[in-house]
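Work through the exercises below with the sequence and the model in view, and try each task before you read its solution.

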Amino acid sequence: MTVEGTRYRLISAKTASSVGGEFTTQRASGIFVIVKIELTNEKSDTHTINSDAIKLITANDKSYSPSTDAVISLKDPIIFQEIQPDVPKTGTLLYDIPPSQTSQAKLRVEDLFSNAHAFIRLGI
């Protein structure tokens, strides 16, 4: 899916009660939604992904930002990464949401250079 000058491709989405390894384990307050995604910047300038660009929206229209507390447990976080023009970047997002809200969850993705947005269903 392309939103203005930013292409998004959902690779996978799943849930887990904790993430990380032996020394970096993080437990969810609710449940983690782990999203692997690929972004391609189709504009001519580099841009950094911030937590406002990709929100998780639940069936009751509540909005969740990626968890910055648990990001240390990810091998490939995409938040705060620079996205170079025409070079696909793959990474993981982690959201901590109430377990009852995983059904029908979707991502609200924004163009890196404008307020244009679209939705990607997660299918979890």
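**Exercise 1: A glycine in a strand**

Gly91 has its place in strand β8, residues 89-97, where a strand is a DSSP run of E of at least two residues, numbered from the N terminus. The model is a predicted one, in which local features need pLDDT of at least 70 and side-chain atom pairs count only at pLDDT 80 or more, while totals for chains, interfaces and linings use all residues. Residues are numbered from 1 along each chain as its sequence is written, and side-chain values use heavy atoms, with hydrogens and water left out.

Task: decide whether Gly91 counts as buried or exposed, and list its contacts beyond its neighbours in sequence.

Solution. Begin with the cut-offs: buried means under 20% relative accessible area, exposed over 50%, and partly exposed in between, with a 1.4 Å probe and protein chains only. Gly91 counts as buried because its relative accessibility is 0%. Next, take contact to mean heavy atoms within 4.5 Å; when neighbours within four places in sequence are left aside, Gly91 is in contact with Val35, Lys36, Ile37, Asp76 and Ile78.

**Exercise 2: The partners of β3**

Task: find how β3 pairs with β2 and with β8.

Solution. Two strands pair if DSSP finds at least two bridges between them. Strand β2 (residues 6-19) is joined to β3 by 12 bridges, and the two run antiparallel; in this pairing Thr6 stands opposite Asn41 of β3. The hairpin of β2 and β3 has six residues between the strands, and in it Gly20 takes a positive phi near 105°. On turning to β8, we find that it pairs with β3 in the antiparallel sense over nine bridges, and that Ile31 has Ile97 in β8 as its bridge partner.

Conventions: Helix = DSSP H or I, 4+ residues; strand = E, 2+ residues; numbered from the N terminus.
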